[in-house]
Amino acid sequence: DGHTLNDYLDRVIEVARSDAATRLLVVNMHPRFSMALHLRHLDTVIDADGNLVEYERALNPRTISLPALPIATGTAPSLESRDILASFQGLASHPIRQGLAAMADGKKIVVNLVDGSAYASRVNALTQTRDREYEELLGRSIFAFVPRGDANFSYRLLEVMSFGCIPVILSDGWVLPFDRTLPWNAFSLRVGADAVPMIAGILESLSGQELSARFAEV
């Protein structure tokens with residue numbers, strides 16, 4: 001909660017100011033609390049954040065974007081064995097996800113919006129409970145949508161990549177993980193929210209050579 005955040009920040013600030021020679025790395029994976037802005041005035045503190053957005057990076061360049069660890073992981077079937085152009089399965093937690101559902105045809109593009117109360121228990125790493133339907137969908141998909149939800153980041157990013165899908169990232173303003181070192185343009189597509197109705201045409205326009213190149217890089 002907010003009190004815990006403030007107590008933690010006070011401790012970090014106290015340590016940073018008491019020893020100017022020590023550099024601190026703060027790792028924040030909370031989806032709703034921003035560390036980057038709180039720590040921007042501390043030159044010896046680097047913020048590694050799981051939900052870093054562009055305006056925070058602009059105000060605090062001492063930031064690293066981290067990926068959220070996947071909930072589901074799998075293997076990557078060959079490109080030739082995939083018969084679905086693009087897919088998504090998840091909660092209807094943001095209008096962009098509803099936009100995807102509106103343009104899906106159920107064949108080439110499959111979007112399954114699920115109820116939160118029924119979906120929450122489908123995947124559990126501790127009990128090794130797996131959502132076979134979701135895994136099969138990713139295994140058959142060339143592209144997989146990675147839309148933002150309640151926050152800018154998405155657990156889907158590493159999930160779909162673990163199944164070998166080419167991620168189609170739909171989260172305006174999100175700083176992608178390790179953006180300074182990873183060539184995201186080589187193995188993913190990034191589409192603005194206003195282009196959702198045109199996504200099908202964009203994906204279908206890519207040549208086989210472009211698909212193979214991106215697939216090989218994932």
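Which residue of strand 6 is the bridge partner of Ala 86? I looked it up, and the partner is Phe 143.

**Entry 1: ground rules**

I am working with a predicted model, where local features need pLDDT of at least 70 and side-chain atom pairs count only at pLDDT 80 or more, while totals for chains, interfaces and linings use all residues. Residues are numbered from 1 along each chain as its sequence is written, and side-chain values use heavy atoms, with hydrogens and water left out.

**Entry 2: the whole chain**

I began with the secondary structure and found nine helices and eight strands. Here helices (H or I, at least four residues) and strands (E, at least two) are DSSP runs, numbered from the N terminus. The C-alpha trace spans about 60 × 40 × 30 Å along its principal axes. Of the 218 residues, 44% count as buried; my scale is buried under 20% relative accessible area, exposed over 50%, and partly exposed in between (1.4 Å probe, protein chains only). I then checked contacts, meaning heavy atoms within 4.5 Å. Among those between residues at least 6 apart in sequence, 55% join residues at least 24 apart.

Next I traced an open, parallel sheet of three strands in the order 1-2-3. Two strands pair, in this notebook, if DSSP finds at least two bridges between them. Strand 1 (24-28) and strand 3 (63-65) are the edges, each pairing on one side only. Neighbouring strands here are turned by 20° against each other on average, direction ignored. For angles, axes are lines fitted to C-alpha atoms, for helices over the stretch in contact, and values run from 0 to 180 degrees between N-to-C directions. Strand 2 (residues 45-49) pairs with strand 3 in the parallel sense over three bridges, and Ala 48 has Ile 64 as its bridge partner in strand 3. Helix 1 (residues 2-18) packs on this sheet, touching strand 1 and strand 2, with its direction at about 165° to that of strand 1.

Strand 4 and strand 6 run parallel and are joined by three bridges. Five bridges join strand 6 (residues 141-147) to strand 7 (residues 166-170), again in parallel. Phe 143, the partner of Ala 86, has Ile 166 as its bridge partner in strand 7. For Ala 144, the partner in strand 7 is Pro 167.

**Entry 3: Ile 142 in strand 6**

How many of the seven residues of strand 6 are buried? I count seven of seven, so strand 6 is largely enclosed by the rest of the structure. I picked Ile 142 from this strand and found it buried, with a relative accessible area of 12%. Leaving out residues up to four places away in sequence, Ile 142 touches Leu 79, Arg 82, Ile 84, Leu 85, Cys 165, Ile 166 and Leu 211. Its C-alpha atom is 9.4 Å from that of Ser 78, 64 residues apart along the chain.

**Entry 4: helix 9**

Within helix 9, Leu 211, Arg 214 and Phe 215 are buried. They cover an arc of only 100° around the axis, which puts them on the same side of helix 9; the arc is that of the directions from the helix axis to the C-beta atoms. Their cover includes strand 6, strand 7, helix 7 and strand 8. The face turned away carries the exposed residues Gln 209 and Ala 216.

**Entry 5: cores**

The largest nonpolar core has 24 residues, and those with the most contacts inside it are Leu 100, Phe 143, Phe 145, Leu 170, Ile 199 and Leu 203. Such a core is a set of buried Ala, Val, Leu, Ile, Met, Phe, Trp, Tyr and Cys residues joined through side-chain atoms within 4.5 Å. A second, separate core of 18 residues includes Val 146, Ala 151, Ile 169 and Phe 187.

**Entry 6: a loop residue**

Finally I stopped at Phe 178, in the loop between strand 7 and helix 7 (184-187). Phi of Phe 178 is near 50°, a positive value in a residue other than glycine. At 37% relative accessibility, Phe 178 counts as partly exposed.
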